[in-house]
Every structure is written in structure tokens, then in C-alpha cells.
Number of protein chains: 2
Amino acid sequence: MTKKITDFSKLAVHTMTTKPWDLRQCVENFSAAGICGITIWRNVLEGQNLREARVMLNDYDMQVVSIARGGFFPSVQKEKRQTAVDDNLWAIEQSAAMGAPVLVLVSGADPAQSLEKSREQIQESILQILPQAQKAGVKLAIEPLHPMYAGDRSAINTLEQANNMVEEINSEFVGVAVDVYHLWWDPNLQREIIRCGRNGKLFAFHVCDWNVPSKDFLNDRGLMGDGCINIPQIRGWVEETGFSGYNEVEIFSDKYWAMDQNMYLEKIKNAYLKFT
Amino acid sequence: MTKKITDFSKLAVHTMTTKPWDLRQCVENFSAAGICGITIWRNVLEGQNLREARVMLNDYDMQVVSIARGGFFPSVQKEKRQTAVDDNLWAIEQSAAMGAPVLVLVSGADPAQSLEKSREQIQESILQILPQAQKAGVKLAIEPLHPMYAGDRSAINTLEQANNMVEEINSEFVGVAVDVYHLWWDPNLQREIIRCGRNGKLFAFHVCDWNVPSKDFLNDRGLMGDGCINIPQIRGWVEETGFSGYNEVEIFSDKYWAMDQNMYLEKIKNAYLKFT
């Protein structure tokens, strides 16, 4: 039986979850709400002085859990693949500057080539950026995305595929991010969580819910309890492997972005205690 | 290398593909276009005299490939499960009356219970209707649906899961339907096609395409060539197992339903020769 959550010490929220807020608003409001973990999306770092941002995060005792997101590696065009590698090198620098231990990778896919080819390119690109990640002390977390994103967002669609790649690369700096939204349906999920978790390769755990019916491919994720995912069960599997990191709330939702974000944060906290 | 398609002898079209047409319009227009295979969706049988419909199909030398669709078995409510079983018994009668060798099953799922529980109920219900199917000479094809339908349409989301259930039931009257839309992304697809195909359990093969980006969870399927699925590769795997049935074009598309359906039928024929 999964142990019930009774406090907010392991709660982290993604800046994208409260998309209407800029970085400062996220930090101030998360902190005021008693939330001490944050995953920073790179869009809120644009135009920021990273050193100042880091000072602000420290001032509020805000723990940076990860930076989201790098990746989007594959392309039939070699120049585009190089552009992606360069962008990921910059993302690693940003992560180090913000004190983030992990950079989350959304692998990418190019519909103009096979998924196998895209996966080869993903692996090649990760190997290219790995020395820089290692030097910066930033771990890379491959996040498998739901098969409905196989067209153009991720050629890695199951945790098994992510684990396979992680084992082939075989570096302590490359692991996986487990997001219940993408993986809840997979009959092999528990087996694969154990596989990466026991080897210390489970770097991040993301929660939200799957709305029934879902209305939008991108921005109709549910708050925990809104949908049909048995989140406590999956969290239990994750924790049984020894994972003791944050439970990161990552929700893209036109509905929730439209409401008052402080009221939304209260809803998130309630849902976190009740349904996570 | 997959053998190129050079004629329409193995082309079948689902009545739902040309949704604006009733059964008679489908039969007349398919026949005029040189298409001799049809899969009949049950909505076009509503209010039909089945004997007369059968005569019409014979008059046009139209081969009924399957009836779509039975299934939707699981529910937390026992009465609803019984209603589903009764409806499936009626679907078997309809299939027999139309001379259809196969009834396609969309398994169903109830978001109020686990996918494991739903799968148990699916298997129980199939076992309940199996004697009737056997008596009527109608085979049951379990169609795994894309994981994006795991919420409320199908707790069977990979061909591996469908094959597992088929092997457990172990009847010559229970096999699978392979639809490229649902399964193209699966890294284990070839292995699982071989698994069912070699045992004579591959009862139906459906084609369409995955649009990039996809805009609607239900009605934004692409015509072959519109999207990113390597259909010839998958057809090759299917045919290598000895499958010699129809290639069934099953497309739900608001876009194509809005156009002149005879012009659409010509587009389907072109796409069938070029991209299937």
C-alpha cells in the first residue's frame, strides 16, 4: 500500500503549470503557498539574468528540481540536428546556472523518417552533449512521451524504450523521467519502473491526470483526481524502488490557466494530498 | 520488400469511411468504383431489413468483410455488462445475417475501474458470447486501440495484449484486427504481427494514416499518404505471415466527410495504389 502524503515537503510545481506567471511570480507565490520545489521551463528564463534569477531562488529557499526542457533532436536535416545539439548545450549551461541537478529531455521525432531512425539520432545527440552535461554536473532525464506524440514530439513512447537507451548509453548522467500522463496505460509500467528505479536511473517523477474524455492533444491535462489515472499506485511503485525525489506537478491546461492562479495553487495542494 | 498493390481486388472500404452515405449508397457507389469489399458498421443496419440488405449486397457482388463493431464490455455495473453481452449477441446475429465472417470488437474500458479489471471483464464477456459466435460461424476479432483511448474506449492498447488474450481464450473463433492507426508507433509491432499471423489469428487489417499534427481524438484520421505511417512496411509484415484478406480502409475524418463522397472514393483508390 502506498504511504499517504501528509505534507508538502516533496511537492514541486512546474512553471508551465502556472503558465500565466513569470518566474518571479512563480517563486513568490509557490513560496507563499508553502511549496519549496520548482521545475523551471526555459521560456521563463528568456531575457532573464540567470545569476539574478539564481539569487532570487535562493532568497526564497526554492529548490530547483529540474530544467524543462531539452531534446527535440531528430531531423532529416543534418543542420537542424546540429542546431538542436547546440540548443541542448545551452540548456545544460542554463541548468547549471540555476543549480538544477537534472535537465529533462523530450526526445523529438521527425515524421519524415522512421521512428527507428529518429531514435538512433536521439541517442547520437545525447552522446554528443553528454561530456558537457557531465562537466556541468547536470543529469539528463529521457522522458518517454505518450504514443499519441510519436508523430512529431517523441520517438520514445514507452519507459521500456527509454530504459533500453539509458542502459545502452550507460552513464550515471543519463536516466529517465517518469510522467504518469504519458505512461499510465502501459501494462509493463511497474516492471519498467523497477528496472530503472533499482539502478538509480529514475531521475524525475511527474504527476497530473488523464481526463475522460480528453479534448486536446496538448492542453487538456487534468489535475490529480480529475481523471482516471491511479496515481498513488504508480507513486507507490516509484517509491518502492527507493526514489525519494519530488512529486512534480506538471499540468498543461487551458482550463486551469484561465482561472486565478493562486486559487489554482490551492486546488493543486488539495489534490496533491488527496489524489497523489 | 512489400509487393506493390496494382489492383483493387483486395480493397475494402468501411461504411463509416463514407459516413454521409447509407448502406445502399455505399454499396452502389463502391461497386460503381470497382470496389468489391465492404465492412458494414452497425449504424447503417439500423432500421434495415437484414434479408433485403443481404440480397442487395449479393446483387452487387459485394463481399462483406466484417461487421463493425461489437465490444464495449467493461463496466463497474453488472447490469451494464449484461446489456453489452446482449448487444454483442445481437451483433453476432447481424453478422451472420449479412454473411460477415468476422465481427470486430472494440473492447471498451470503464475509467471508474483499473485497466486490469476491465481486461478481466472483456475476457469474461468474450467467453460468454463465444458459443453463439461459434454456432453462427462468426469469428470475433479483438482490435487493440491506441493508448490514447485507454480512458474509456479500450483497455487493450497493444497487439501484445490482444494476442495474450487470444492465446488464453484459445479458440479458432477468436483472433485480432490490426489497425495501423492504433499500432504504428509500437516497437514490438512486427514481432506481434508475426505472432498472431502465423497462428491464423490475424482476422482483419485496417489502414488509414496518422496526421501530423493530429487535431481531434476521434475524427482526424488521415488518408493513406497524408501522415507519417509507413503503411507498406506494416502491410508487408502482415502479408509475410500468410494473410491474404482485404486491406480495409477505415477513416474517420470530418474533413473528408465534408467533401463529395464519390470524389473522395477516387482519392481513396489513388492513395490505395500509391501509399498502401
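At what angle do helix 7 and helix 8 of chain A pack, and how far apart are their axes? In this predicted model, helix 7 (residues 189-197) of chain A packs on helix 8 (residues 231-240) of chain A at an angle of about 30°, and the axes are 8 Å apart. Because angles under 35 degrees count as roughly parallel, helix 7 of chain A is roughly parallel to helix 8 of chain A. The crossing of helix 7 of chain A and helix 8 of chain A is right-handed. Helix 7 of chain A contributes A:Leu189, A:Gln190, A:Ile193 and A:Gly197 to the contact, and helix 8 of chain A contributes A:Ile234, A:Trp237 and A:Val238. Of the residues in this contact between helix 7 of chain A and helix 8 of chain A, five are nonpolar, two are polar and none is charged.

Chain A also contains a barrel, closed by eight strands in the order 1-2-3-4-5-6-7-10 with parallel pairing. Neighbouring strands of this sheet are turned against each other by 30° on average, direction ignored. Within chain A, strand 4 (residues 102-106) runs parallel to strand 5 (residues 139-142), and four bridges join these two strands. A:Val102 has A:Lys139, in strand 5 of chain A, as its bridge partner.

The contact between the two chains involves 20 residues from chain A and 20 residues from chain B. On the side of chain B that touches chain A, twelve residues are nonpolar, seven are polar and one is charged.

Key. Residues numbered from 1 in each chain as written. Chains lettered and ligands numbered in written order. Predicted model: local features only at pLDDT ≥ 70, side-chain atom pairs only at ≥ 80, totals over all residues. Contact = placed C-beta atoms within 7 Å. Nonpolar A, V, L, I, M, F, W, Y, C, P; charged D, E, K, R; others polar. Pairing = 2+ DSSP bridges. Axes fitted to C-alpha atoms, helices over the stretch in contact; angles between N-to-C directions. Parallel < 35°, antiparallel > 145°, perpendicular 65-115°, else oblique. Left-handed = near helix turned anticlockwise from the far one by under 90°.
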